[in-house]
Amino acid sequence: MAYDETRYIQEPEDPSQSQQPLATSYEGTLQPELVLRGRYRIQGVLGVGGMGAVYQARDLNFPEVTKLCAVKEMINLANDPAMRETTIRNFQREANILATLNHPAIPEIFDFFSEGNRAYLVLEFIRGKDLEALMNIADGFLPVEQVRQWAIEICDVLGYLHSRQPEPVVFRDMKPSNVMIDQFKKIRLIDFGIAKTFDVTKGHTMIGTEGYSPPEQYRGEVSPQSDIYALGASLHHVLTRRDPRLEPPFSFENRPISLFNPDVPEAFAEIVNRALAYEPQERFAAIDEMKVALEALGSGGVRPGLSQVISPDGAGISERLSMAAGEVLAVWQFQVEDEIRSTPFVEKGVVYIGAYDNNLWALDAKEGSLVWKYPTEGGIASDPTVEAGYVFVGSEDRILYAVDARSGRVQWTYITNGRIYTSPCVALGHVFFGSDDHNLYAVKAANGRLNWTFEAQSPIRSSPFVSDEMLYFGTETGDFYGLAPDGEMVWRFKARRAISSSPTVNEGLVYFGSNDWNVYALDGENGFTVWRFRAQRPVYSSPAYSNGKIYVGSVDGHLYALDALNGREIWKYKTEDQITSSPLVYMGVVYVGSIDKYLYALNAETGDLLWRFGTEGPIVSSPAADDGLVYIGSTDNRLYALKA
Amino acid sequence: MSIWDFFRRPRPDKKKEKHVEPEVEVAEPAQQIPPIPGGQTRPLPPLEESRPMPARLKYGQATDVGMERSGNQDALLTLSGIIESADSPPPFGMFVVADGMGGHTDGERASFVAATTLARHVTNLVYLPMLAEQELSSDQPTIPEVLEEAMQEADRRVKARVPEGGTTLTAAIIYRNLLYIAHVGDSRAYLINDGNMELITRDHSLARRLQEIGHLTPDEAEAYPQKNVLYRAIGQGDMLEDVDRATRRLLPGSQLLLCSDGLWGVVNDQAILKIIEETADVQEACDRLIAAANQAGGPDNITAVLVQMPL
């Protein structure tokens, strides 16, 4: 990293005499060429502080060389006589403190004088940049090892200040812009001015929140612990590149360092966190302790790329898994003749599942033994549904079947003109299902007689959902409909990409995903969008609702848990490949299958992994659960029953 | 009545069964209601008992300079769109409170600019499309998205127009039975339901933050000398990050109170709730809240908006 000194201003070519009149009561910033006290020629402004500017000046007492110095100006603008007194005393305090200090990290003070309503400190000129400027220039994070070194140096100089006799000096203004890195890459502490009085006016004042100040400082309590907190805050800023002044005050714990900068070793982050404890007594007892802790880290622990933290979105969890995987065994598994792409349905001790081997299977839920199977003429991607003793399922052979649940004998069929990929929804005495022939069908459940059809504009692969006398479904052109039970359209919503996801409804809101990467929540009554959430890839998965949250998977590999009312992400979990199937929430656990061949079981509240079960093929279907068992089909041709 | 009708009309039949004598108590003509700058909506004369009450949002609004200030730096804006027709969209309401800060006229200009900028943005992007019966599609931004943008827009305009000024900004949009809130600063939104009063916004004040981390007790926070110091406001600071947003379901009969700290800072929650519960007319309730704040000394400008969901 090159430390260019843009703070160094070139002297103009003709450095001659012309003594300007002395400044007695100038308005505004001093202009270049002005000479103070007949000795310091102002060359330009280095920066502007709270009470005045800091200038680069040349000391004319050394005419044959260019001896530079920094001139810090303090303008006393107070009208109130008491305030004037305080301000003057603060100037003097800074000058006196600096005059007695002697530490390599503290700039030397050469002179102090006043003219009119201004006072000036003449200080050692430091060639370099402050930490805030360095962060602004840098593209990414500053090297962690370098930051650690600087932290140790800062602890050293603060420790020096805290050990001053007769009274410890609390720096009180520790922040990145007050730490300069000089041309030797060493730190220099600048700005010992302390005047920070709150303007107790009535009404609002906006605080550009100090960000680095500890909570007790706002109660007027200042101690060496304040500097420890402020150093912690400054390090947190440098390590995460998140400016605490832009965040709510005292909210560092919301931004764990490892979340932003995985290169920071956990031990280093812990030191920073301890310095940031709200209670002063919970921080380091003295800054020397913090220094010792930082030194003990050693440069070894700070190698970049060494991520010792398990990132919250689930990567790097293989160790936990290999312990957990051994515990999860299938209670039973059943092999069929081709892939299982649909979700099982469990009813009265029997689990029904369709497969791409064209069969509808009925298996004993506890044993996994065959009860019956019914052959259709096409692959079954549709989920079976059982109601009133009938199993309803659609097939690629374009037919919707109603099969007796106990015997497996077909009761009636309904033939459409397109393949059926949707799962039927049984409600209000009817079976509702969509077909690739663009129609949504309403067929009487008892006898298969058609009641009505609704013609959409494209194939329907989203399974309809009936709730509160409204029927909802999406189409492959991205239309989403709300129909009345008689087939009349009440409203229509258009997305820009297909909606293959099946909707789910809760408390008046309809939830579904789209290939346009969004998860939508619409007002069921009028189709108005209440919120939408954008994932990082298409959403084929149908959402599941539980306990105020919506769970949905995306092709981006994540399972998301969103707030049901406002769509905010509560947590997300990353699997190793796409999620195209829908999650199931059962007994506080959310189950979801991924193309990475695993079925995941996560804590529904926190998103923590409980276990995962590996199959031998991508899982594109959703689980079902009943009576303590979870059932999942895989494209490895098997249906598994696992303990929930 | 066909199933079709069931969906379209606001179900007047149900209303008839439940209808009882209206509980609205209207102020007697003899009682003087003090004039409020900017005009006010006067309650209508009592309706005939036999006519069913339509499902309609009711609201009251009031703002007052208080007892100690020389000018009113609060701004208040309400917009209610109710269309009564067989084919109508549900009622729409927008309610905004802004409490300005800054010297000279900066405070009142800042609050005015913020409130009107937000309202214009919401009107253009939400309400006008609704009136135009625009096709429902993913091309339209959602209300929370529009509110977020409106806040940013308000921030930009205040910074441009009133560089030294700042303001709080709390906006509520009601559409059908959902409430959407966007908020910056320490004006407040409360949701009142069945005797419960819930504060749904968070004060962006230093005092509140100190309280949250346990460094001040609630009483200490009340007495804290710099309790008006905000860490987030419109028109101040670098970038406006993190606008608070909330969505709530509104139950029939529930009420929403938006107010500046000139009210909540001097009248405690129980007293506010009592006034609201005891006063059937929302406008009168607002007036009484202002009076209560003035009675407690009125150190700051006082603003209150009270919205009531139909039963």
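**Exercise 1. What percentage of the 311 residues of chain B count as buried?**

Solution. The model is predicted, so local features need pLDDT of at least 70 and side-chain atom pairs count only at pLDDT 80 or more, while totals for chains, interfaces and linings use all residues. Residues are numbered from 1 along each chain as its sequence is written, and chains are lettered from A and ligands numbered from 1 in the order in which they are written. A residue is buried if 20 or more other C-beta atoms, placed from the backbone, lie within 10 Å of its own, exposed if 12 or fewer, and partly exposed in between. By this criterion, 47% of the residues of chain B are buried.

**Exercise 2. Describe helix α4 of chain A and its surroundings.**

Solution. Helices are DSSP runs of H or I with at least four residues, strands are runs of E with at least two, and both are numbered from the N terminus. Helix α4(A), residues 224–240, has 17 residues and reaches 25 Å from its first C-alpha to its last, close to the 24 Å expected at 1.5 Å a residue, where the expected span is 1.5 Å times one less than the number of residues. Because 17 of the 17 residues of α4(A) are buried, the helix is largely enclosed by the rest of the structure. Just after α4(A), R241(A) adopts a positive phi of about 60°.

**Exercise 3. Work out how helix α3 of chain A packs against α4(A).**

Solution. Axes are lines fitted to C-alpha atoms, for helices over the stretch in contact, and angles run from 0 to 180 degrees between N-to-C directions. The axes of α3(A), residues 144–162, and α4(A) are 11 Å apart, at an angle of about 165°. Angles under 35 degrees count as roughly parallel, over 145 as roughly antiparallel, 65 to 115 as roughly perpendicular and the rest as oblique, and α3(A) is therefore roughly antiparallel to α4(A). Residues are in contact if their C-beta atoms, placed from the backbone, lie within 7 Å; among those making this contact are I154(A) and L158(A) of α3(A), with L231(A) and L235(A) of α4(A).

How values were computed:
Two residues are in contact if their C-beta atoms, placed from the backbone, lie within 7 Å.
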